[in-house]
Amino acid sequence: MATLTPAESGEFIVKNAKFLKVNEDGIKSFVKEVIAGIQSKVIDVDNFSQHEHHPKPTDPHAPNWIFLIDTLNFCFWTPGDATKWKVNEQTGYFSLCAAINRALKEGIDITNPSYYSKITLGELEKILRSDDGQTKAPLLPERVQCLHEVGQVLLEKYEGNFENCVKACNNSAVALLKLVTDEFPCFRDEATFNGKRVSLYKRAQILVGDLWACYRGEGLGRFDDIEKITMFADYRVPQVLVHFKTLEYTDELMDVLKSDKIMENGCPEEVEIRGASIYIVERLKDLVTEELKANHPDISTKNVNAVLLDHFLWDYRRKHASELEYIPFHKSISVYY
């Protein structure tokens, strides 16, 4: 069975959804918010490298750092009122970045696949130790397994350097996405939905997006088809999409979400939420581009892509976390996001 691309998957999932609906008027209203974000430079490719935890494009370790981070970039949510995993007072994704940067400062060769392809559970636990010394990072055994898997492939086929994977793709984001999902099974984020094989590829696409953002679309980060990458379907961005009335859940789905029930990765409800997120951001991208060309000829459309729109939505969720708590998010224990 052929697998639909993430963009095709989003469209197919929305057309066949039973637990939610997409609100076209909500998407049209949201266009103004996005254009304001572009004008104020809240939506800007420079924001990635300016973040204190992210590498600069001049850092020779940057490609392997990004690959390592995105290999481990999954499942940071905490059930119920359990203590959050924190590193250097950061939570979630940024606690992972802080832990990896701390390990590098301590002289641990953590971005080298020769090291992490053989890493032990105890070593990773120590690298990802929390501020309180008690709380463990979620899914530690699964993280070790992912590191062993990707590390061995890099050593066997790419001379232990992720940069060689990127160079093999000749400035094509689609080719790199295919290489990553073909070569590294832990990035192969797919499901069967309504009789078709769909792909969501959150971590594989974020990997491409992070390279593009780190190098500001130049050099190693130059992808001539970056517009083919969709947003990174996770469990937090949908809160923003619901908040802005672009996405609406049925009462049945809302009850499931409010119950804090763990959703099986690949179940219809979970696939619908993630697929609708992709579809909405694709629509938003198209509408923003149309609006800029028609009414704002002075604003370039080159940065109107799903990578930057996802950064904007994800940052919005973090900045307005307490305000958005009224919208429950789906919870799934998965290595895919």
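Glu159 is exposed, with a relative accessible area of 72%. In this predicted model, Glu159 sits in the loop between α8 (140-157) and α9. Its phi is positive, at about 55°, although Glu159 is not a glycine. Most residues other than glycine have a negative phi.

Tyr201 also has a positive phi without being a glycine, here about 45°. Tyr201 belongs to the loop between β5 and α11. Its relative accessible area is 10%, so Tyr201 counts as buried, the limit being under 20%.

## Helix α1 against α14

Two packed helices are described by the angle between their axes and the distance between the axes. Helix α1 covers residues 6-15 and helix α14 covers residues 268-295. The two pack at an angle of about 115°, and their axes lie 8 Å apart. That makes α1 roughly perpendicular to α14. The crossing of α1 past α14 is left-handed.

On the α1 side, the contact is made by Pro6, Ala7, Gly10, Glu11, Ile13 and Val14. On the α14 side, Val271, Glu272, Gly275, Ala276, Ile278, Tyr279 and Glu282 take part. By class, the contact of α1 with α14 holds eight nonpolar, two polar and three charged residues. The buried residues of α1 are Pro6, Ser9, Gly10, Phe12 and Ile13. Besides α14, these buried residues pack against β4, β5 (196-199) and α11 (202-214).

## Helix α2 and its two partners

Helix α2 (residues 24-39) packs with α14 as well. Their axes come within 9 Å and cross at roughly 60°. That makes α2 oblique to α14. The crossing of α2 past α14 is right-handed. From α2, the contact uses Glu24, Ile27, Lys28, Phe30, Val31, Val34, Ile35 and Ile38. From α14 come Ile280, Arg283, Leu284, Leu287, Val288, Glu291 and Leu292. The contact of α2 with α14 has eleven nonpolar, no polar and four charged residues.

Helix α2 (residues 24-39) also packs with helix α15 (residues 306-319). Here the angle is about 90° and the axes are 12 Å apart. That makes α2 roughly perpendicular to α15. Phe30, Glu33 and Val34 of α2 meet Leu309, Phe312, Leu313 and Tyr316 of α15. By class, the contact of α2 with α15 has six nonpolar, no polar and one charged residues. Phe30 and Val34 are among the α2 residues in the contact with α14, and both are also in the contact with α15.

## Aromatic pairs

The count comes to 14 aromatic pairs. One of them joins Phe67 and Phe162, with ring centres 4.5 Å apart. Their planes stand at 15°, so the pair is stacked, the limit being under 30 degrees. Phe67 lies in helix α4 (residues 62-71) and Phe162 in helix α9 (residues 162-167). The pair therefore ties together parts that are 95 residues apart in sequence. Phe67 and Phe162 are both buried.

Phe67 also pairs with Phe184. These ring centres are 5.2 Å apart and the planes are at 55°, so the pair is tilted. The pair links helix α4 to the loop between α10 (173-183) and β4 (190-193), parts 117 residues apart. Phe67 is buried at 0% relative accessible area. Phe184 is buried too, at 0% relative accessibility. Elsewhere, Phe30, Phe244, Phe312 and Tyr316 form one aromatic cluster.

## Asn171 and its neighbours

Asn171 is in the loop between α9 and α10. Its relative accessible area is 26%, so Asn171 is partly exposed. Which residues does Asn171 touch, not counting those up to four places away in sequence? The answer is Gly219, Arg222, Phe223, Asp224 and Asp225.

Leu253 is 82 residues from Asn171 in sequence. In space, the two are 41 Å apart, C-alpha to C-alpha.

Conventions: Residues are numbered from 1 along each chain as its sequence is written. This is a predicted model: local features need pLDDT of at least 70, side-chain atom pairs count only at pLDDT 80 or more; totals for chains, interfaces and linings use all residues. Side-chain values use heavy atoms; hydrogens and water are left out. Axes are lines fitted to C-alpha atoms, for helices over the stretch in contact, and angles run from 0 to 180 degrees between N-to-C directions. Helices (H or I, at least four residues) and strands (E, at least two) are DSSP runs, numbered from the N terminus. Angles under 35 degrees count as roughly parallel, over 145 as roughly antiparallel, 65 to 115 as roughly perpendicular and the rest as oblique. A crossing is left-handed if the near helix is turned anticlockwise from the far one by less than a right angle, and right-handed if clockwise. Contact means heavy atoms within 4.5 Å. Ala, Val, Leu, Ile, Met, Phe, Trp, Tyr, Cys and Pro count as nonpolar, Asp, Glu, Lys and Arg as charged, and the others, Gly among them, as polar. Rings of Phe, Tyr and Trp (its six-membered ring) pair if their centres lie within 6.5 Å; planes under 30 degrees apart count as stacked, over 60 as edge-to-face and the rest as tilted. Buried means under 20% relative accessible area, exposed over 50%, partly exposed in between (1.4 Å probe, protein chains only).
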